Amino acid sequence: MNTYKIAVIGGDGVGPEVCREGKKVLHKIAELDKGIGFEFEDFPWGCEYYLEHGEMMPQDALETLKKFDAVYLGAVGFPGVPDHISLWDILLKIRKGFDQYINLRPIKLLKGAPCPLAGVKREQIDMLVVRENSEGEYAGSGSWMYKGKINEVVIQDSVFSRLGCERVIRYAYELAKKEKKTLTSISKANALNYSMVFWDQIFEEVGREYPDVETYSYLVDAASMFFVKEPERFQIVVTSNLFGDILTDLGAAIAGGMGLAAGANINPERLYPSMFEPIHGSAPDIAGTGQANPLAAVWSVSQMMDFFGYEEWGKRILDAIEQLLTEKKSLPRDLGGSSTTEAVGNEIVRLLERA
Ligand code: NAD
Ligand code: IPM
Ligand code: MN
């Protein structure tokens, strides 16, 4: 039997609520598949921990997490702790510390999921965004000069290294080649005359190694428009850290909402654990009410199973989500139903068992 050690960081707000349901799915898989086992350890890190200890997680947290096969994260950030502190001290620290330079975010309209776009068919929204996840606009450096003075100036650096761009772009080309899909790079070289000129150049350079992959290149403003008007233009998308962040919330909106949007932070070399999470935040407006939709967190468990090499289980989880959406009996609030987070999780587990 293969046993996987999973570190669970529920985090803040709805984070622990949705993670609880994702864990149920993993427990059920272990029960149904005698070849797979999981060992969980929960870590109480987040904003409450910060208010008590003065840090979001202990100094040696990465050392502790290194021993695990994967990290399963809910969401981080809550009113009372400045977002730039909470996020840089957990989420971004883990993504960077474990060199999870690939962020895979599927934007796929499942059967039964609501779509705000008129007349769009399910097949028209089926893309995978490969977001650069280690540098770019999230370099985390800059300077703040003449604080409080009339000539105050703030500079936020963005860093695009050859290694950083090449590795994410090559990953996306490989994926497009393997899956026989088109590859679209989204950038903004007309205005960002260093970073995005460099990005586009590398997209073209690496592309010479993949003559059979059909490629497109869009400016991010136009791409946003096409996400809404003609989402079928996109299959595999590769883009920078910040553009990927923004485009995937837009993507979530056209593919069923934030409650259905999942993400995997991958270290492809497997030198460090990868991290799986819903892409939504801690949703302070509904935290503690039982209204949070756990399906994004459950979808990220499907990505975890794919990553461990159990694609069959990954697909079964997605099928269960799709079935729940089409049966319409146990829908959470954001999808027009009245089922609680827990009831939605229980129904997913029941559907998995039945499949
Ligand atoms: P958010 O994603 O938390 O919420 C945006 C809207 O979507 C809210 O109306 C919320 O109720 C709704 N929503 C989100 N998840 C939902 C779910 N599972 N089910 C139903 N509705 C859901 O974004 P925000 O309000 O901008 O951020 C809140 C906090 O979360 C901030 O501190 C922010 O920095 C943090 N954040 C963390 C992560 C993360 O940990 N990965 C991601 C995004 C935001
Ligand atoms: C996400 C989030 C994070 C990001 C924030 C919370 C730092 O929005 O995972 O999409 O910008 O990457
Ligand atoms: Mn985001």
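Ser300 touches Gly22, Ala262, Gly263, Ala264, Phe276, Glu277 and Pro278, leaving aside residues up to four places away in sequence; a contact here means that two C-beta atoms, placed from the backbone, lie within 7 Å. The model is a predicted one, in which local features need pLDDT of at least 70 and side-chain atom pairs count only at pLDDT 80 or more, while totals for chains, interfaces and linings use all residues. Residues are numbered from 1 along each chain as its sequence is written, and chains are lettered from A and ligands numbered from 1 in the order in which they are written.

Ser300 sits in helix H10 (residues 295-307); helices (H or I, at least four residues) and strands (E, at least two) are DSSP runs, numbered from the N terminus. Ser300 counts as buried because it has 30 C-beta neighbours inside 10 Å. The cut-offs are 20 or more other C-beta atoms within 10 Å for buried, 12 or fewer for exposed, and in between for partly exposed, again with C-beta atoms placed from the backbone. Glu152 is another matter: Ser300 and Glu152 are 148 residues apart in sequence and 43 Å apart in space, C-alpha to C-alpha.

Now for the sheet. An open sheet of 10 strands runs in the order E2-E1-E3-E12-E11-E4-E5-E10-E8-E9, with mixed pairing; two strands pair if DSSP finds at least two bridges between them. Strands E2 (36-42) and E9 (215-219) stand at the edges with a single partner strand each, so one side of each has no neighbour in the sheet. On average, neighbouring strands of this sheet are turned by 25° against each other, direction ignored.

Strand E5 (residues 126-132) has 6 of its 7 residues buried, so it is largely enclosed by the rest of the structure. Strand E4 (residues 102-108) runs antiparallel to E5 and is joined to it by 7 bridges, with Ile107 partnered by Met127 of E5. E5 is also joined to strand E10 (residues 236-239), this time in parallel, by 4 bridges; Arg131 has Thr239 of E10 as its bridge partner.

Helix H1 (residues 15-32) packs against helix H12 (residues 341-354) at an angle of about 20°, with the axes 9 Å apart. Axes are lines fitted to C-alpha atoms, for helices over the stretch in contact, and angles run from 0 to 180 degrees between N-to-C directions. H1 and H12 are therefore roughly parallel; that label covers angles under 35 degrees, with over 145 being roughly antiparallel, 65 to 115 roughly perpendicular and the rest oblique. Residues making the contact include Val18, Val25 and Leu32 of H1 and Val344, Ile348 and Leu352 of H12. By class, the H1 and H12 contact residues divide into 7 nonpolar, 2 polar and 6 charged. Nonpolar covers Ala, Val, Leu, Ile, Met, Phe, Trp, Tyr, Cys and Pro, charged covers Asp, Glu, Lys and Arg, and the others, Gly among them, are polar.

Helix H8 (residues 220-229) and helix H9 (residues 241-254) pack at about 15°, with their axes 10 Å apart, and are therefore roughly parallel to each other. Among the contact residues are Val220, Ala223 and Phe227 of H8 and Phe243, Leu247 and Ile254 of H9. The H8 and H9 contact has 8 nonpolar, 2 polar and no charged residues.
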